[in-house]
Amino acid sequence: MKKIALVIAEREFRDEEYQVPYEILKAAGFQVLTVSTKTTTAVGKLGLEVTPDTLITDLKPEELDALVFIGGGGSEQYFEDPLSHQLAQHMVQLDKVLGAICIAPVVLANAGVLQGKKATVFPDAAEAFGQALVKLLNP
């Protein structure tokens with residue numbers, strides 16, 4: 001069974017950006033892990049309460065088939081997070097699926113994994129996304 005990790009923020013993740021993919025992937029037969037920096041209840045922007053299955057520090061990219069960072073204002077906690085960047089880089093090195101929703105593509109831009117790729121970001125994060133891309137192109 002293929003394993004997919006959905007990374008959510010402790011607070012203010014976008015409920016539907018987590019819940020809809022989670023339900024679709026589960027219904028399709030994937031093993032879906034909910035991941036965060038704590039395993040206590042995470043609360044979405046609209047009030048969805050989710051208890052993560054595991055900690056982001058415990059993820060092993062070689063054991064995953066896909067890694068997706070879920071958006072929402074809370075995902076900013078991963079924008080400058082070295083561990084998140086290392087996980088993204090490792091997924092790319094292993095040629096595995098890596099994704100991000102809404103404003104979370106800033107994590108991928110800061111991780112330096114978008115060179116030569118097409119990416120979009122929710123307008124609220126356009127400035128942070130642009131700054132990350134400038135750093136990527138002008139190290």
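Reader: What do the buried residues of α2 pack against?

Author: They pack against β7 (66-69), β8 (97-100) and α3 (105-111). Bear in mind that this is a predicted model.

Reader: Which residues of α2 are buried?

Author: Ser84, His85, Leu87, Ala88 and Met91. Viewed down the axis of α2, these buried residues fall within an arc of 160 degrees, so they line one face of the helix.

Reader: Why would residues a few places apart point the same way?

Author: An α-helix has 3.6 residues a turn, so residues three or four places apart point the same way.

Reader: And what is exposed on the other side of α2?

Author: Pro82 and Gln93 are exposed there.

Reader: How many residues does α2 have, and what is its reach?

Author: Helix α2 covers residues 82-93, which is 12 residues. From first C-alpha to last it reaches 16 Å, close to the 16 Å expected at 1.5 Å a residue.

Reader: Where does Leu83 lie? Who is it in contact with, leaving aside neighbours within four places in sequence?

Author: Leu83 lies in α2. With neighbours within four places set aside, Leu83 is in contact with Ile56 and Thr57. Leu83 and Ile56 are 27 residues apart in sequence, and their C-alpha atoms are 8.2 Å apart.

Reader: Why does Leu83 count as partly exposed?

Author: Its relative accessibility is 25%, so Leu83 counts as partly exposed. The buried class is under 20% and the exposed class over 50%.

Reader: What about just after α2: which residue takes a positive phi?

Author: Asp95, with a phi of about 60 degrees. Asp95 is a residue other than glycine. It is found in the loop between α2 and β8.

Reader: Is Asp95 buried or exposed?

Author: Exposed, because its relative accessibility is 72%.

Reader: How many of the lining residues are nonpolar, polar and charged?

Author: Eight are nonpolar, two are polar and four are charged.

Reader: Now Ser36. Where is it found, and is it buried or exposed?

Author: Ser36 is found in strand β3, residues 31-36. At 1% relative accessibility, Ser36 counts as buried.

Reader: What is Ser36 in contact with, beyond neighbours within four places in sequence?

Author: Ile8, Ala9, Glu10, Pro52, Thr54, Leu55, Ile56 and Tyr78. Ile56 is also in contact with Leu83.

Reader: Last thing, the whole protein. How many helices and strands?

Author: Four helices and eight strands. From the N terminus, the elements run β-β-α-β-β-β-β-β-α-β-α-α.

Reader: How many residues are there, and what percentage is buried?

Author: The protein has 139 residues, and 42% of them are buried. Among contacts with a separation of 6 or more, 65% are between residues 24 or more positions apart.

Key. Residues numbered from 1 in each chain as written. Predicted model: local features only at pLDDT ≥ 70, side-chain atom pairs only at ≥ 80, totals over all residues. Heavy atoms only, no water. Helix = DSSP H or I, 4+ residues; strand = E, 2+ residues; numbered from the N terminus. Expected span 1.5 Å × (residues − 1). Buried < 20%, exposed > 50% of the residue type's maximum accessible area, 1.4 Å probe, protein only. Arc of directions from axis to C-beta. Contact = heavy atoms within 4.5 Å. Nonpolar A, V, L, I, M, F, W, Y, C, P; charged D, E, K, R; others polar.
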